[in-house]
Protein chains: 2
Amino acid sequence: MTLKKAISGTNLEQAKSHNRRVVIEAIRTSGALSRAAIARLTALSSQTISNIVEELEEAGLLRPEATLKGARGQPAVPYSINPDGGYSIGLQLDHQLAVGVVSDLSGTMRARIERNVDRPTPAEAMPLLAAISSDLIATSRLERKRLLGIGMAMPGPFGVEGMTSVGPTALPGWQDFPVADELERLTGIAVTVENDATAAAIGERLYGVARKLGSFVYLFIGTGLGAGLFLDGHLYKGSRHNAGEIGHIIVRPGGLPCGCGKRGCLERYVSLRAAYDRLDLPDPDHASPELLEKMLAKGDSRFEAWLAEAVEPLRQAIDILEMALDPETVVLGGFMPLPVIEALASRLEPLHLSVSATSARTTPRVLVGAAGKDTSVLGAAALPIFSETNPQFDVLQKPVG
Amino acid sequence: MTLKKAISGTNLEQAKSHNRRVVIEAIRTSGALSRAAIARLTALSSQTISNIVEELEEAGLLRPEATLKGARGQPAVPYSINPDGGYSIGLQLDHQLAVGVVSDLSGTMRARIERNVDRPTPAEAMPLLAAISSDLIATSRLERKRLLGIGMAMPGPFGVEGMTSVGPTALPGWQDFPVADELERLTGIAVTVENDATAAAIGERLYGVARKLGSFVYLFIGTGLGAGLFLDGHLYKGSRHNAGEIGHIIVRPGGLPCGCGKRGCLERYVSLRAAYDRLDLPDPDHASPELLEKMLAKGDSRFEAWLAEAVEPLRQAIDILEMALDPETVVLGGFMPLPVIEALASRLEPLHLSVSATSARTTPRVLVGAAGKDTSVLGAAALPIFSETNPQFDVLQKPVG
DNA sequence: TCAGAAACTCAAGTTGATTTAATTATGGGC
DNA sequence: GCCCATAATTAAATCAACTTGAGTTTCTGA
């Protein structure tokens with residue numbers, strides 16, 4: 001076979017699937033909407049919308065709200081997302097913590113389990129993750145048929161030779177380990193895996209400050225640093241699923257040596273690990289984000305020094321992302337405690353001059369994410385929901401082969 | 001009106017339009033194909049393909065090739081893009097040169113006109129561009145109804161306050177000038193405007209080395225430096241049409257001062273202008289790329305020094321693009337003469353370790369563009385063709401309002 | 001020469017959006 | 001309080017484009 005996959009054609013079936021997603025997306029971004037309002041927003045006929053809404057209500061995904069009076073004409077019945085229309089499990093694995101949550105369709109956390117780990121290998125983590133999942137299902141008594149799937153977030157990059165297993169910010173032994181397949185085998189539930197930044201971006205897009213944005217970048221400050229890219233209404237993952245791994249871009253040529261072999265990498269300056277290192281802790285491998293929050297609160301001078309040193313590389317990274325991607329905004333978040341992120345953000349001004357510097361903006365150039373430390377678990381939980389409900393080009397493609 | 005545009009639904013009409021584009025795209029990327037082969041590639045039924053091919057042949061966009069014998073069964077009739085199915089005009093404006101070309105559907109240049117300019121203002125350039133267009137139409141005796149439109153390429157960024165009109169690499173006076181509208185008024189033909197890097201990316205994708213790629217970055221080395229981003233099968237332009245303006249990302253903190261106000265911008269090291277400046281020319285505003293080609297040929301030591309200094313910032317830029325976007329490849333091109341680009345490319349190895357460094361690659365990490373110095377004019381000419389024939393998410397969206 | 005294979009065509013069938021018209025429920029004017 | 005304009009929703013009929021399945025054509029290979 002010499003000819004490889006091409007963009008494939010579409011038919012009515014795919015079109016219907018797309019339209020259903022469009023309806024859900026419209027309600028998600030604009031709140032409760034009447035059929036007529038949806039029809040106006042989506043440019044579909046009101047009859048079509050009526051059919052789709054009926055089906056979605058039938059399926060439990062939408063629910064009617066109180067009739068709206070006060071205007072002329074027949075009162076409209078607004079529909080909103082039915083939180084109990086479906087559930088998903090979000091898992092997050094990092095150096096010190098494994099977290100699992102149950103999320104409903106509206107993004108509300110219904111249950112949460114946390115377990116300590118210590119730079120876990122796959123052999124250690126996989127049974128734990130499976131156990132967390134079944135505990136969550138048991139304690140929250142989920143109807144199995146309403147469970148949309150498991151979404152998992154973990155630090156990237158994935159499958160990069162010579163990079164994945166190196167350095168204090170990477171998890172060891174996960175190089176080429178088929179996480180999704182294995183977890184699917186252990187739990188019997190469909191699993192989607194993304195890096196933590198991408199998961200957080202989805203969470204922020206579905207339920208947070210990026211709800212209405214078409215293009216934004218989520219800058220995830222965790223043990224290392226990564227970016228989730230949401231461009232033109234779609235998640236961009238890159239040709240090998242590693243887009244946004246900007247922790248290792250060089251911002252200080254000849255600067256601090258990095259575990260990856262290069263010098264002056266961004267995450268040597270802006271990340272939890274960078275802060276720990278700067279503070280001369282006795283055991284940086286087991287420091288915690290809360291420590292940084294405490295040091296900020298009491299005005300520790302070494303911590304202030306780290307803040308001052310981290311600001312310019314962060315500013316430079318934002319400049320690079322703005323110039324390269326011209327997003328509507330850059331959202332900051334991650335495992336870094338919210339007060340620390342806000343401290344960083346407040347020191348960012350004046351930002352560099354970039355294509356983002358225009359007075360015609362409606363959104364600030366930099367926003368702090370809404371969901372706090374659980375952003376990426378909730379984002380992970382949103383993965384199955386997102387893939388089921390987001391209008392995407394893929395949906396219109398007929399499955400080939 | 002508080003509710004803004006949402007992603008809109010689709011219907012049969014849009015689906016058909018999409019499928020037509022998919023057929024053209026399949027033939028463009030894979031060469032002449034029989035109806036049956038297209039059906040297999042696109043996952044559409046052979047009957048559907050037959051209908052679409054018939055229509056496209058009727059419209060003059062496809063033409064049958066010689067019947068293929070030698071296999072069992074009824075001989076297949078391959079169809080290919082009919083070069084005479086349509087024409088477009090490509091315009092390019094830069095500091096010293098205005099170029100216009102006529103391109104046919106296959107991307108072949110049918111006519112070319114060149115005029116010298118000197119950092120032209122809109123008032124100077126617009127009549128000239130209109131004149132070039134009408135000369136091209138007259139001399140190549142184009143059927144007006146086969147003319148798909150005018151595509152124009154010029155240096156970005158567009159409409160950025162405090163950045164567009166500053167520095168020796170920007171064209172003065174174009175800030176907020178409505179180029180497309182004005183040229184459309186003067187010529188009576190539909191006009192699309194993109195920055196030179198984006199235009200070059202399209203050219204390379206339609207007719208050059210990126211023909212089969214789903215995600216790549218085109219690095220355009222011109223008077224300044226810019227990138228064209230083709231991601232997941234789509235051109236990414238950014239929320240304010242300025243994605244890829246990476247000439248002003250900081251690669252050397254505290255480095256050479258730049259007209260934009262920052263220090264150590266990429267294009268202060270890698271661009272025609274950077275080379276001219278490094279060579280202490282008496283009049284860098286009127287130097288030409290050919291000069292650099294000559295200096296390379298005779299092994300000029302100052303030029304060699306520039307090459308040596310430019311390589312690391314370029315490597316760093318490629319690293320950043322690879323890490324941020326995980327493209328299949330980075331294509332180098334622009335106004336910089338081909339031998340100089342090749343000289344730079346040959347000095348790039350070893351590239352930095354990035355997510356692109358995997359043995360599972362099918363394409364080299366860096367490629368030199370195919371179309372030479374006319375890449376971006378040809379790409380500009382491809383703009384109207386591209387927007388008429390590329391499968392895009394937009395096509396499925398019903399026009400709203 | 002003929003069976004098998006593959007490409008292509010024809011006509012009926014299916015699906016889902018649209019059109020048109022009817023129905024329902026409200027507010028406002030008189 | 002009675003009409004009527006207005007707006008939302010529903011119902012039935014229509015339409016457009018893809019699919020299906022049964023041919024038809026034209027080749028290769030035995």
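Is Asp280(B) buried or exposed?

1. Basis of the note. The model is a predicted one, in which local features need pLDDT of at least 70 and side-chain atom pairs count only at pLDDT 80 or more, while totals for chains, interfaces and linings use all residues. Residues are numbered from 1 along each chain as its sequence is written, chains are lettered from A and ligands numbered from 1 in the order in which they are written, and side-chain values use heavy atoms, with hydrogens and water left out.

2. The surface at DNA strand D. Of the 29 residues around DNA strand D, those that come nearest are Ser50(A), Gly73(A), Lys398(A), Asn19(B) and Gln74(B); a residue is near the strand if one of its heavy atoms lies within 4 Å of it. This surface divides into seven nonpolar, 15 polar and seven charged residues, where Ala, Val, Leu, Ile, Met, Phe, Trp, Tyr, Cys and Pro count as nonpolar, Asp, Glu, Lys and Arg as charged, and the others, Gly among them, as polar. At least two residues each come from α2 (35-42) and α3 (46-58) of chain A and from α1 (12-30) and α3 (46-58) of chain B, the helices being DSSP runs (H or I, at least four residues) and the strands named below likewise (E, at least two), numbered from the N terminus.

3. Sugar or phosphate accounts for 66% of the atoms of DNA strand D within 4 Å of the protein, and bases for the rest.

4. Aromatic pairs. Over all chains the structure holds 12 aromatic pairs, a pair being rings of Phe, Tyr or Trp (its six-membered ring) with centres within 6.5 Å, stacked if the planes are under 30 degrees apart, edge-to-face if over 60 and tilted otherwise. The rings of Phe220(A) and Phe335(A) have centres 5.4 Å apart and planes at 75 degrees, so this pair is edge-to-face. Phe220(A) belongs to strand β9 (residues 216-221) of chain A and Phe335(A) to the loop between β12 (329-334) and α10 (338-348), so the pair ties together parts 115 residues apart in sequence. Both Phe220(A) and Phe335(A) are buried, that is, under 20% relative accessible area, with exposed meaning over 50% and partly exposed in between (1.4 Å probe, protein chains only). In chain B, the rings of Phe220(B) and Phe335(B) have centres 5.4 Å apart and planes at 80 degrees, so that pair is edge-to-face.

5. A sheet in chain A. Five strands form an open sheet of mixed pairing, in the order β6-β5-β4-β7-β8, where two strands pair if DSSP finds at least two bridges between them. β6 (109-116) and β8 (191-195) stand at the edges with a single partner strand each, so one side of each is left without a neighbour in the sheet.

6. Backbone geometry. Cis peptide bonds join Glu349(A) to Pro350(A) and Glu349(B) to Pro350(B). Asp280(B), a residue other than glycine, has a positive phi near 50 degrees and lies in the loop between α7 (272-278) and α8 (289-297) of chain B. With a relative accessible area of 60%, Asp280(B) is exposed.
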